[in-house]
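These are my notebook entries on what I looked up in one structure, written in the order in which I went through it. The sequence and the model come first.

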Amino acid sequence: MRLAFAALPATLLATALFTSTAAEAGGLGILGTGGFYQERLYYYDEGDNNAQYKQSQIIGTGGTGLELVLGDRDDRIVGIARTFWAFETPQQDPTDNLAEGVRPADVESNWRDETRHVGVFAVGLQGGIIGDPSEAMLTVHGVVGSGFLTTDHTEYVYGEIGAGGTLRLSPSLEGYANVAAHMRFRKWARGGMTGAVGLRVLFD
């Protein structure tokens, strides 16, 4: 399973390259991202025959990295590929919010109390729906990707779909921002939201 997760980014990149026409134009940029997702945390009550309980927690995320754009600067639809480092905030101590009747002294749980670091890769499409690519556009986008590099062997796959906008600051410089619904999967699905802002240097 770990090998499959690790191989996914290469598979996605190969698919993007071999199913598109040869790129004669594109761009390279930097991005910053942040958001959150919902996580499950299980704990056990040793005072009640190890009865299992489940908590729902919100985990914050952030990161920074690079983005590759495939397509002419005047195209309304372009391909995007992102690779970035991301961090995830620690899980909360389950004893802070126990089920009724469970004593903190009886709780057994394995929870992450440190920041988690992840290497992420994703590919997708951005499409302009209103506006002019050479000036400003309202856009929609979708990406699929993988948190393929972790220190605790908790790799995952994810997908996002969202909306945003681009602003052409000069013929070769573009700023953008977007928000997206986020869904990741590892053993079970986890929903959330993300946002990204960045700058792209465009070339023909």
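I began with the side chain of Thr-150, which reaches the backbone nitrogen of Thr-154 at 3.1 Å. The backbone nitrogen of His-153 likewise lies 3.1 Å from a polar atom of the side chain of Thr-150. I counted as a polar contact a pair of N or O atoms within 3.5 Å, where within protein one must be able to donate a hydrogen and the other to accept it, and where residues adjacent in sequence count only if both atoms are side-chain atoms.

I noted that this is a predicted model, in which local features need pLDDT of at least 70 and side-chain atom pairs count only at pLDDT 80 or more, while totals for chains, interfaces and linings use all residues. Residues are numbered from 1 along each chain as its sequence is written, and side-chain values use heavy atoms, with hydrogens and water left out.

Next I looked up where Thr-150 sits, and found it in strand β6, residues 136-150; strands (E, at least two residues) and helices (H or I, at least four) are DSSP runs numbered from the N terminus. Thr-150 counts as buried because its relative accessibility is 12%, where buried means under 20% relative accessible area, exposed over 50%, and partly exposed in between, with a 1.4 Å probe and protein chains only. Leaving aside neighbours within four places in sequence, Thr-150 is in contact (heavy atoms within 4.5 Å) with Arg-116, His-117, Val-118 and Glu-155.

I then turned to the aromatic rings: how many aromatic pairs does the structure hold? I found 4, taking rings of Phe, Tyr and Trp (its six-membered ring) as paired if their centres lie within 6.5 Å, with planes under 30 degrees apart counted as stacked, over 60 as edge-to-face and the rest as tilted. One of them is Tyr-42 with Trp-188, an edge-to-face pair because the planes stand at 75 degrees, with the centres 6.0 Å apart. This pair links distant parts of the chain, since Tyr-42 is in strand β1 and Trp-188 in strand β9, 146 residues apart. Tyr-42 is partly exposed at 25% relative accessibility, whereas Trp-188 is buried at 19%. Trp-85 and Phe-87 form a tilted pair, 5.7 Å centre to centre and with 35 degrees between the planes; Trp-85 is partly exposed at 40%, and Phe-87 is partly exposed at 29%.

My search of the whole structure for cavities gave 2 of 30 Å³ or more. On a 1 Å grid over the protein atoms alone, a cavity is a set of points where a 1.4 Å probe fits but cannot get out, and lining residues have an atom within 4 Å of a point. The largest cavity has a volume of about 240 Å³, and of its 23 lining residues the closest to its centre are Thr-33, Phe-84, Glu-160, His-182 and Thr-194. Strand β8 gives the largest share of this lining, 5 residues. The second largest cavity has a volume of about 80 Å³, and its lining includes Val-69, Gly-71, Met-137 and Leu-202.

Last, I looked at the chain as a whole, which comes to 1 helix and 9 strands. Of its 204 residues, 41% count as buried. Among contacts between residues at least 6 apart in sequence, 64% join residues at least 24 apart.

Key:
1 Å grid on protein atoms, 1.4 Å probe; cavity = no way out; pocket = protein on both sides within 12 Å on 5 of 7 lines; lining within 4 Å. Points joined across faces, edges and corners; volume = space filled by probe spheres on them.
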